[in-house]
Amino acid sequence: MLLILANGDVIADNFIKPNGGLIFNQGEYEAEFSINASLGGDAVCNLEGIALAVDPNQTQRSRWVFEDAGSQCKAVISEHRDGSVKVTTKDCEGYCGVSAVGAMDGKYLKQ
């Protein structure tokens with residue numbers, strides 16, 4: 001998923017869904033990510049960090065898990081064989097405005 005330029009710079013992939021965006025920079029054992037999403041109102045979810053690689057299931061190319069040590073927030077980022085990425089979060093309300101809870105979840109398509 002990474003694009004490495006001749007000068008060694010790394011460009012992360014961008015994925016989008018209605019009212020949301022995911023920037024994903026995949027390494028061999030971990031991936032940096034940033035999610036910005038809303039449910040259409042003023043309340044926005046922002047989550048970023050480093051997710052660790054875990055074994056994918058049969059429909060996935062790769063799967064990554066982020067767990068926030070300071071809260072119970074957990075995010076699973078799954079790259080599917082069709083090139084889409086699915087994000088599933090649990091207990092991540094602290095990263096969202098009240099009316100945006102659940103906004104990060106869903107299927108993101110490569111931009």
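This is a predicted model: local features need pLDDT of at least 70, side-chain atom pairs count only at pLDDT 80 or more; totals for chains, interfaces and linings use all residues.
Glu79 is buried, with a relative accessible area of 7%.

Glu79 and Arg61 form a salt bridge, and their closest N and O atoms are 3.1 Å apart. Glu79 belongs to strand 8 and Arg61 to strand 7, so this contact ties together parts that are 18 residues apart in sequence.

Strand 7 and strand 8, the latter covering residues 74-80, are antiparallel and share seven bridges. A hairpin of six residues connects strand 7 to strand 8. Within this pairing, Phe66 stands opposite Ala75 of strand 8.

Strand 6, residues 44-54, runs antiparallel to strand 7, residues 60-67, with three bridges between them. The hairpin here passes through five residues. Leu52 is the residue opposite Val65 in strand 7.

Now the aromatic side chains. How many aromatic pairs does the structure hold? There are two. In one, the ring centres of Phe24 and Trp64 are 6.2 Å apart and the planes meet at 65°, so the pair is edge-to-face. Phe24 lies in strand 4, residues 20-26, and Trp64 in strand 7, so the pair ties together parts that are 40 residues apart in sequence. Both Phe24 and Trp64 are buried.

The other pair is Phe33 with Phe66: the centres are 5.3 Å apart and the planes are at 75°, so this pair is edge-to-face. Phe33 is in strand 5, residues 30-38, and Phe66 is in strand 7, 33 residues apart. Phe33 is buried at 4% relative accessible area, and Phe66 counts as buried at 7%.

Back to charges. Lys110 and Asp13 form another, at 3.4 Å from N to O. Lys110 lies in strand 10, residues 106-110, and Asp13 in strand 3, residues 13-17; they are 97 residues apart. Is each end buried or exposed? Lys110 counts as exposed at 52% relative accessibility, whereas Asp13 is buried at 8%.

That leaves Asp82 and Lys107, whose side chains meet at 3.7 Å, N to O. Asp82 is in the loop between strand 8 and strand 9, and Lys107 is in strand 10, so the contact ties together parts that are 25 residues apart in sequence. Asp82 counts as exposed, at 56% relative accessibility.

Key
Residues are numbered from 1 along each chain as its sequence is written. Side-chain values use heavy atoms; hydrogens and water are left out. Two strands pair if DSSP finds at least two bridges between them. Helices (H or I, at least four residues) and strands (E, at least two) are DSSP runs, numbered from the N terminus. Rings of Phe, Tyr and Trp (its six-membered ring) pair if their centres lie within 6.5 Å; planes under 30 degrees apart count as stacked, over 60 as edge-to-face and the rest as tilted. Buried means under 20% relative accessible area, exposed over 50%, partly exposed in between (1.4 Å probe, protein chains only). A salt bridge is a side-chain nitrogen of Lys or Arg within 4 Å of a carboxyl oxygen of Asp or Glu.
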